[in-house]
Amino acid sequence: MTLSTIWVLAEPSNGTFTSTSLELLSHARSLASNVAAVTWGEGGSLGDLAGEYGASTLYNVGDIGGALPGVPIAHAIEGLIASNAAPDAVLIPASYDGRDIAGRLSARLDRPVLTNVTGLSDDGGLVTEHPVFGGSQTVKAKFTGEGPGIIVVRAKSFAAEASGGSPANVVAAPIGDTGAAGSAVIETSHVEERTGPKLEDASVVVSGGRGLGEASAYALIEELAKLLHGAAGASRAIVDAGWVPYSHQVGQTGKTVKPLVYIACGISGATQHMVGMKGSKNIVAINKDSDAPIFQIADLGIVGDVHKVLPALIDALKARS
């Protein structure tokens, strides 16, 4: 390995790390001889989890006192770099907080950021892959200057695989003086009510598009997803139309999913949407337009009206249960 050290931003989530964080830890250990994670919050047994996925050290910023993570975490990482040997790269999940931390860290270190990364390899240095033109082409990039590369990686780019490593050594990471920038705090927050698996982690995803015709027809998507113990997704078109919340959106500007089964209902297959789901193991497309682009990547295509196909499928599933 030509890479010595990689740090991974490990975002805490309900006593564990987010799935993208675990994906990055898993892949980082195949690239560098030394992997460390940076997190925040109470910590608990996260040192065990970080070690299980390949990190030898867990830098824990600790309680950030209700602040948005961007400012304190970027300050803490800057301080760690100043007091330790700088890593070759800092890998950051492409989440809301991750993007904020990456931008602030870039400004503090005066280092550029490589974003929308879907591939990482070691070729005499860290080489990143980026889908362009709606995912139809892939370009590669590489940092040439000194200092750690800041790399923001899209979800589902790698597999999260435990290595069975020993617990990571937990080290406190002080925030330091954040000045006026650190004075903002979260007054209230709202967690969207949800039943079933998270969209990005579901093994079955059923998504609806403009072909549903009207917002009320999305109930068919939700019912089918529930019967299949999956999650309901959506195309950007119906999110923009206000039929469903943005949290349901699958695509380049939404969530990337990689389920065992992806069922696209009334979705024509715009490139923007297919970027977020084409890695699914099995793709089923239901559309009345036989020339819809979605059929080009579908493993099974059903040419038909979703208002007829979905109720029949739902009735068949209910009859089996």
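A residue is called buried here when its relative accessible area is under 20%, exposed when over 50%, and partly exposed in between (1.4 Å probe, protein chains only). The structure is a predicted model, in which local features need pLDDT of at least 70 and side-chain atom pairs count only at pLDDT 80 or more, while totals for chains, interfaces and linings use all residues. Residues are numbered from 1 along each chain as its sequence is written, and side-chain values use heavy atoms, with hydrogens and water left out.

The chain contains 8 helices and 17 strands, where helices (H or I, at least four residues) and strands (E, at least two) are DSSP runs numbered from the N terminus. Its radius of gyration is 21 Å, close to the 20 Å that the globule rule gives for 321 residues, so the chain is as compact as a globular protein of that length. The radius is taken over C-alpha atoms, and the rule is 2.2 Å times the number of residues to the power 0.38. The C-alpha trace spans about 65 × 45 × 40 Å along its principal axes.

Of the 321 residues, 47% count as buried. Among contacts (heavy atoms within 4.5 Å) between residues at least 6 apart in sequence, 64% join residues at least 24 apart. The accessible surface comes to about 15200 Å², and 50% of this belongs to carbon and sulfur atoms; the areas come from the Shrake-Rupley method with a 1.4 Å probe, and for residues only the protein chains shown count as cover. The 22 positive and 31 negative charges have mean positions 6 Å apart. In this count Lys and Arg are positive and Asp and Glu negative, with His and the chain ends not counted; each charge is placed at NZ of Lys, CZ of Arg, CG of Asp or CD of Glu.

Turning to the aromatic rings, the structure holds 1 aromatic pair. The rings of W7 and Y59 have their centres 5.3 Å apart and their planes at 55 degrees, so the pair is tilted. Rings of Phe, Tyr and Trp (its six-membered ring) pair if their centres lie within 6.5 Å, and planes under 30 degrees apart count as stacked, over 60 as edge-to-face and the rest as tilted. Because W7 lies in strand 1 (residues 3-9) and Y59 in strand 5 (residues 57-60), the pair ties together parts that are 52 residues apart in sequence.

Several other residues deserve a visit. E187 sits in the loop between strand 12 (169-172) and strand 13 (204-208) and is exposed, at 71% relative accessibility. Apart from neighbours within four places in sequence, T256 is in contact with R154, A155, K156, E200 and G276.

N116, although not a glycine, has a positive phi of about 55 degrees; N116 lies in strand 7 (residues 113-117) and is partly exposed, at 26%. H229 has a positive phi near 55 degrees and is likewise a residue other than glycine. H229 is found in the loop between helix 5 (218-227) and strand 14 (231-234), where H229 is exposed, with a relative accessible area of 66%.
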